[in-house]
Structure formats: C-alpha cells, structure tokens
Amino acid sequence: MRKILAFWLTALMLATMLVPNALAAPDVKTPTEGTEETTAAGADEGAAKSEADPGSSTENEPAVPTVNITTTQTKNPVATPKAVYPTSIDVRDEGAEIRKIYDLTPEADPAGIPRADFEHAGFYYTFVDLLKQELPEYEERTHTESVTLNSKKKDMESVLALLPEQKEFVTDDGLSGILNLQLDTVQVETAGYGKSTKQVSVTRNYPNQVSQDTENIPKTIDDGGKTLTLSDIKWQTDNTANVNGYAMGDRFTAVATYTGTATSTYVKGYTVTADYTGTVSRIALNRVRYVAIFEGMSIFNDTPDPNDTTDLMGPSTEPTKPAEPTAPVEPVVPEEPENPALEPPASNPTQESQAPSFSFNWAYILVPLLVVALAGIGFGIALFIKHRTEDGDDSD
C-alpha cells in the first residue's frame, strides 16, 4: 500500500513541475490577411531582385511606396554691421569736399560706416574713398573756443567779472585742456532797445491878464519836442484898484498846468563775446581712425552754409541699396541605406494597421483535467487495493 501511494505522489509531483512549461504558450505571430512574413534572407533576395529590375513586382508582393526625403540647406543670413556715427566732420573747399571722421575700437567693423550719397546745404555728395589712419599715442593741438553771454552793464569791470580767466574744455573728438581768456577779443554790443512811457506835467505862468478870461491862455504847448495839453488854470491877483469904495483887482496872473505822455528809449542789455585759446591733448588708447571722403557738387545757386554739419552727425536717412538676391541652393538628398529591405519606411499611408493576433492554447484546460484524472484514478486504485486486502485478512 505504501509503495502504491509513493508511486502516485511521485507522478503527481512530476505533473506539477510540467504544468508551468505547458502554460507558457509560445508567442506565435499569426500573419494577417494581406501581409507577408519576410526573413532576413528573403529581404536580401528581394533587395537584389529590386536592384536588378526596379520596375518588376509580383502579384503576391505588393509594391512598398518609397518616401523621398529632401532637405534644403540654406545659408546663414549675413549679419548687418552695426551703424557708427562720426566723431567730427571736416568741410573743405567751401563745401566741395566733406570728410567724416570715425574713431573706432580695433574690434569694430568699419563696414558700418555709411557710404550712401546724400544732400547737404545745396550740395550732392558722393562717396569716393575710405582712409584708415593709425592714431598716435599722444595727440595735441591748439584750440580756440568762442563764448557768448549776456550782461546788464557795459563797463569793462562788470564784463570781466562774468568771464573767468581760465576754463576747462573738451572738444567733440575727445581732446581736453585748459583754455585762457584773450582780453583783446572781448567785445560788448547792445543786445537791444526798449521803450517806456510816463506822464509829464509842466506849469506855465501868464501875468498881466486884465481879466480872468481863458481865451488868452494857450491850450497846448511844446516842451522839448513833446506836445502837452492844458489841464488846469489857477488865477492870481497882481494889482487891486479902488472902485466906488471897493478894492477890485485889475491885473491877474494865470498859472496854467499842461500834462501829457513822454516815451523814452532804453537799452535792454549787452551781449559779450570773447575767445579762449589753449592747447588740448589726449592719449589715444585702442582707437583706429577712419576718414570717409565725399565729393560734393552744387545743385542750387543760393546754397546754405556748408560748415553747419549738425544734420550729418546722426544716422543717414538716405535709402540704402537693396542686397543682391542669392542663387537658390540645390536640395541635398540623403544617401539610401545599404539594405533598404531591412529598414522599411516609418510610415506607409497605403498599408492598413494590423490588429493584434490571438491564439487559444488548449494546455490551459487539458493539463488541469489530466492532473485531476490521475489523482482520481490513483485514489480509486488505492481504495480498491485496500478493500481487497481487508477481504483477504477476513477470509484467513
């Protein structure tokens, strides 16, 4: 009995060990309708066939559409040079030539210097040349600066009180120094005149008047070029006479007052001009000077002052010449891979998406049933043998 039970327990353990292997169903890919499974060897064969006859295709092998990938290689746009502005402008030959002076750092690009034609003070200027000058380490020159100011008084003492003997000065191109007052250049001029009006009153006496009658008194008088009008009369008695026992005046003096307006002219102020002269200098560090030369041609008969260059210190307003169009760049086609059959295109719009395949594995049902059947048979045999053994013992 024990041997039989050991046998069936061993069989049950072996079946239990085999169940996981049976349950692990192989991952079988079921080809869907309209697709074809291709091995590496078949891919190589198909590639060789397509090279031999690119236009041939079989009925069972649908032609796979190819995708041509083209890329256009464009050149990087050329950076526009940064605009620069002149530090000073030199007008020569009464406007026939203008030189714009630029002091740039060594790393600055001189391509930003404007070269376009322009108009100024009745001249049309055309670019002719660009000169490069190495600035000396030390530069100095004599500079004269004119100053103008207003003064309320004309005397020299009051004027000199407004003008310092020395003054610091920095030129437009960066040179600095001390300038001294030139006394022989000091000039004082009247800045302008004003008018004022005031009331004028004059008194005139008219004696020996026989009566107090205003007919004999002038109604207007002339006083220093001003016409005055009679405004008041006062009478004074100069002599009296006895008439019928009464003292009566027989001589009178008329005191007449004349009034009017007087206009006078006065000086509003004075304009003082003077020159300061001295030496200005600078140490040129990391600067390169460029001189752009423009030749001018008169376009008007009555031309303005060409030395007034304030309109040239800023950016140029003239339109610049448009850049020439560049030739189109040929598109670059990437090289095809060595084995295109092994690397199909990422997307194929003509091929329908395949649904995932499903395969039923009967081992999921048969193996448990087999285990239960074996266990039942073993248990039944064991009971049968047990009953038979008991019957044999009873017969003895």
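# Salt bridges and a surface patch

Arg 92 is partly exposed, with a relative accessible area of 34%. Welcome to this predicted model, which holds six salt bridges. Side chains of opposite charge can pair when their charged atoms come close.

**Pairs of charged side chains**

- Arg 92 has Asp 90 as a salt-bridge partner, and their closest N and O atoms are 2.8 Å apart. Asp 90 is partly exposed too, at a relative accessible area of 26%.
- Glu 97 and Arg 99 also meet through their side chains, in a salt bridge of 2.8 Å from N to O. Both Glu 97 and Arg 99 are buried.
- Arg 204 forms a salt bridge with Asp 223, with 3.9 Å between the closest N and O atoms. Arg 204 lies in strand S7 (residues 176-209) and Asp 223 in strand S8 (residues 220-223), so this pair ties together parts that are 19 residues apart in sequence.
- Asp 223 is partly exposed, with a relative accessibility of 23%, and Arg 204 is partly exposed at 30%.

**A salt-bridge network**

- Asp 103, Glu 139, Arg 282 and Arg 289 are joined by salt bridges into a network.

- You can find Ile 299 in the loop between strand S11 (288-298) and helix H4 (363-395).
- Ile 299 is partly exposed, at a relative accessible area of 37%; patch residues need over 30%, so Ile 299 passes that cut-off.

Definitions and conventions:
Residues are numbered from 1 along each chain as its sequence is written. This is a predicted model: local features need pLDDT of at least 70, side-chain atom pairs count only at pLDDT 80 or more; totals for chains, interfaces and linings use all residues. Side-chain values use heavy atoms; hydrogens and water are left out. Helices (H or I, at least four residues) and strands (E, at least two) are DSSP runs, numbered from the N terminus. Buried means under 20% relative accessible area, exposed over 50%, partly exposed in between (1.4 Å probe, protein chains only). A salt bridge is a side-chain nitrogen of Lys or Arg within 4 Å of a carboxyl oxygen of Asp or Glu.
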